[in-house]
Amino acid sequence: MYFVLFTKKDCHHCVEALDVLMRGHRSYVLHETDDLDRLDELKEEHEWPTFPIVYISNGQRRRLIGGNAELKQFLAKDMVQKGLDFSE
């Protein structure tokens with residue numbers, strides 16, 4: 001499993017989320033932009049109001065985790081080790 005992050009440049013929470021993943025030696029794919037129109041599109045497309053927008057993926061499906069705070073909660077619960085139900 002790996003994480004997918006949609007971030008914007010100069011975003012403190014985005015940098016913090018990346019740092020958490022790197023310190024935990026977690027695999028991730030990063031999509032970063034500073035284009036204002038694209039940022040608005042991403043928020044609408046992913047139905048999440050802030051950045052970063054974080055997903056977990058099994059390679060075939062992905063599931064929204066949320067933002068930086070939700071990522072930290074997710075990792076604290078060690079749900080990655082327990083696995084996720086991607087059927088929902």
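Me: Which residues does Tyr2 touch, not counting residues up to four places away in sequence?

Reply: With those neighbours set aside, Tyr2 touches Ser27, Tyr28, Val29, Tyr55, Ile56, Ser57 and Gly59, a contact being heavy atoms within 4.5 Å. The model is predicted: local features need pLDDT of at least 70 and side-chain atom pairs count only at pLDDT 80 or more, while totals for chains, interfaces and linings use all residues. Residues are numbered from 1 along each chain as its sequence is written, and side-chain values use heavy atoms, with hydrogens and water left out.

Me: What makes Tyr2 count as partly exposed?

Reply: Its relative accessibility is 28%. Buried means under 20% relative accessible area, exposed means over 50%, and partly exposed is in between (1.4 Å probe, protein chains only). Tyr2 therefore counts as partly exposed. Its place is in strand S1, residues 2-8; helices (H or I, at least four residues) and strands (E, at least two) are DSSP runs, numbered from the N terminus. Tyr2 and Arg26 are 24 residues apart in sequence and 6.9 Å apart in space, C-alpha to C-alpha.

Me: Why is Thr7 called buried?

Reply: Thr7 has 1% relative accessibility, a value under the limit for buried, so Thr7 counts as buried. Thr7 is found in strand S1. Not counting residues up to four places away in sequence, Thr7 touches Cys14, Leu30, His31, Glu32, Thr33, Leu39, Phe51 and Pro52.

Me: What pattern does the protein chain follow, read along the sequence?

Reply: The pattern is β-α-β-α-β-β-α-α, and the secondary structure comes to four helices and four strands. Buried residues make up 36% of the 88 residues in the chain. Among contacts with a separation of 6 or more, residues 24 or more positions apart account for 60%.

Me: Why are H1 and H3 called roughly parallel?

Reply: Helix H1 (residues 12-23) and helix H3 (residues 68-76) pack at an angle of about 20 degrees, with their axes 9 Å apart. Axes are lines fitted to C-alpha atoms, for helices over the stretch in contact, and angles run from 0 to 180 degrees between N-to-C directions. Angles under 35 degrees count as roughly parallel, over 145 as roughly antiparallel, 65 to 115 as roughly perpendicular and the rest as oblique. H1 and H3 are therefore roughly parallel to each other.

Me: Which hand does the crossing of H1 and H3 have, left or right?

Reply: The crossing is left-handed. That term applies if the near helix is turned anticlockwise from the far one by less than a right angle, and right-handed applies if clockwise. The contact is made by His13, Glu16, Ala17, Val20 and Leu21 of H1 and by Asn68, Leu71, Lys72 and Leu75 of H3. By class, this contact has five nonpolar, two polar and two charged residues. Here Ala, Val, Leu, Ile, Met, Phe, Trp, Tyr, Cys and Pro count as nonpolar, Asp, Glu, Lys and Arg as charged, and the others, Gly among them, as polar.

Me: How many aromatic pairs does a search of the whole structure find?

Reply: The search finds two aromatic pairs. Rings of Phe, Tyr and Trp (its six-membered ring) pair if their centres lie within 6.5 Å; planes under 30 degrees apart count as stacked, over 60 as edge-to-face and the rest as tilted. Phe3 and Phe74 are 6.1 Å centre to centre with 90 degrees between the planes, and their pair is edge-to-face. Phe3 lies in strand S1 and Phe74 in helix H3, so this pair ties together parts that are 71 residues apart in sequence. Phe3 is buried, with a relative accessible area of 2%, and Phe74 counts as buried at 7% relative accessibility. Phe6 and Tyr55 form an edge-to-face pair, at 6.3 Å centre to centre and 80 degrees between the planes. This pair links Phe6 in strand S1 with Tyr55 in strand S3, 49 residues apart.

Me: What makes Asp10 exposed?

Reply: Asp10 has a relative accessible area of 85%, which is over the limit for exposed. Asp10 is found in the loop between S1 and H1, and its phi is near 60 degrees, a positive value in a residue other than glycine. Most residues other than glycine have a negative phi.
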